[in-house]
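Biologist: Could you take me through how the helices pack here, and what the terms you use stand for?

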Amino acid sequence: MEGMRKEDVVMEQGHQHHQHSIERELECVSQVPIFQGLADDQMTSVAQVTRPIHADKGDAVFSTGEVSRTLYIVNTGQVRLYHLAEDGREQILRVLNPGDFIGEIALFTDEIHTSYAQATKTTELCTISRAALTDLITALPTLSMALLGALADRLKTAERQATLLAIPDALPRLAGYLLQISGHRAQLLELPMSKQDLAAYLGMTPESMSRKLRQLSKQGAIETVGRRQVRITNVDQLAEFAPE
């Protein structure tokens with residue numbers, strides 16, 4: 001930077017920082033399905049109002065009792081959303097992976113968070129305030145339709161989880177879940193969460209889930225592969241254990 005004035009250097013460095021920030025936020029928002037139908041300049045408008053958050057493993061992203069005024073988007077890492085039961089046990093509601101988001105309720109009301117969000121590994125998130133998101137939806141009608149579609153998908157997922165949790169026996173609960181995420185096809189599955197979190201998601205203890213996985217394996221329905229993978233080897237056999 002020889003020959004440049006000090007103030008020019010500062011301006012140049014600030015410009016580079018701004019460009020880097022926008023590039024990082026563009027990477028984040030471009031992963032999210034509700035933004036993927038936008039034109040490049042519209043995507044840039046979204047990126048310009050996002051703010052980054054870093055969370056180390058175990059850090060709280062938000063906790064119960066806090067007012068929800070922010071949309072959180074996972075860029076890298078993973079966040080789990082959970083309730084605490086009266087006996088202190090965790091009930092996993094969702095696990096957010098890159099491209100997933102939470103906090104859309106902030107669009108409509110100053111709702112108090114009734115759950116906890118915690119990073120399960122080093123995580124980078126993008127956040128958009130309610131005011132900024134409201135302005136974006138007003139300016140971009142296609143975004144409002146995409147958000148409605150995402151909310152409908154979220155509702156269907158919640159209904160499926162409620163249906164599974166209503167099954168008293170753990171074995172059909174687990175078999176039904178594996179059938180759902182496999183699309184009823186024989187394939188190798190990467191579980192979307194740790195087995196411990198999956199057990200909490202399905203309302204089981206980790207020990208119970210391990211036993212049920214072994215039972216399904218002995219029956220030839222599945223094979224466990226490593227810590228986070230399950231191979232569906234016989235769909236018909238698995239379906240025999242699943243709820244009708």
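Modeller: Gladly! Helix α4 (residues 141-165) packs against helix α5 (residues 170-182) at an angle of about 155 degrees, their axes 9 Å apart. This is a predicted model, in which local features need pLDDT of at least 70, side-chain atom pairs count only at pLDDT 80 or more, and totals for chains, interfaces and linings use all residues. Residues are numbered from 1 along each chain as its sequence is written, and side-chain values use heavy atoms, leaving out hydrogens and water.

Biologist: Why is α4 called roughly antiparallel to α5?

Modeller: Angles over 145 degrees count as roughly antiparallel, under 35 as roughly parallel, 65 to 115 as roughly perpendicular, and the rest as oblique. The angle of α4 and α5 is about 155 degrees, which makes them roughly antiparallel. Angles run from 0 to 180 degrees between N-to-C directions, and axes are lines fitted to C-alpha atoms, for helices over the stretch in contact. The helices themselves are DSSP runs (H or I, at least four residues; strands are E, at least two), numbered from the N terminus.

Biologist: Which residues of α4 and α5 meet?

Modeller: R160, L164 and L165 of α4 meet R173, G176, Y177 and Q180 of α5, where contact means heavy atoms within 4.5 Å. By class, this contact of α4 with α5 has three nonpolar, two polar and two charged residues. Ala, Val, Leu, Ile, Met, Phe, Trp, Tyr, Cys and Pro count as nonpolar, Asp, Glu, Lys and Arg as charged, and the others, Gly among them, as polar.

Biologist: What makes α3 roughly perpendicular to α4?

Modeller: Helix α3 (residues 130-139) and α4 pack at about 110 degrees, with axes 5 Å apart, and that angle makes α3 roughly perpendicular to α4. L136, I137 and A139 of α3 make the contact with P141, L143, S144 and L147 of α4. The contact of α3 with α4 has six nonpolar residues, one polar and no charged ones.

Biologist: And how do you know how α5 and α7 are arranged?

Modeller: The axes of α5 and helix α7 (residues 206-218) cross at roughly 70 degrees and come within 10 Å. The two helices are therefore roughly perpendicular to each other. From α5, A170, L171, L174 and L178 take part; from α7, the contact has S208, M209, K212, L213, Q215 and L216. Seven residues of the contact of α5 with α7 are nonpolar, two polar and one charged.
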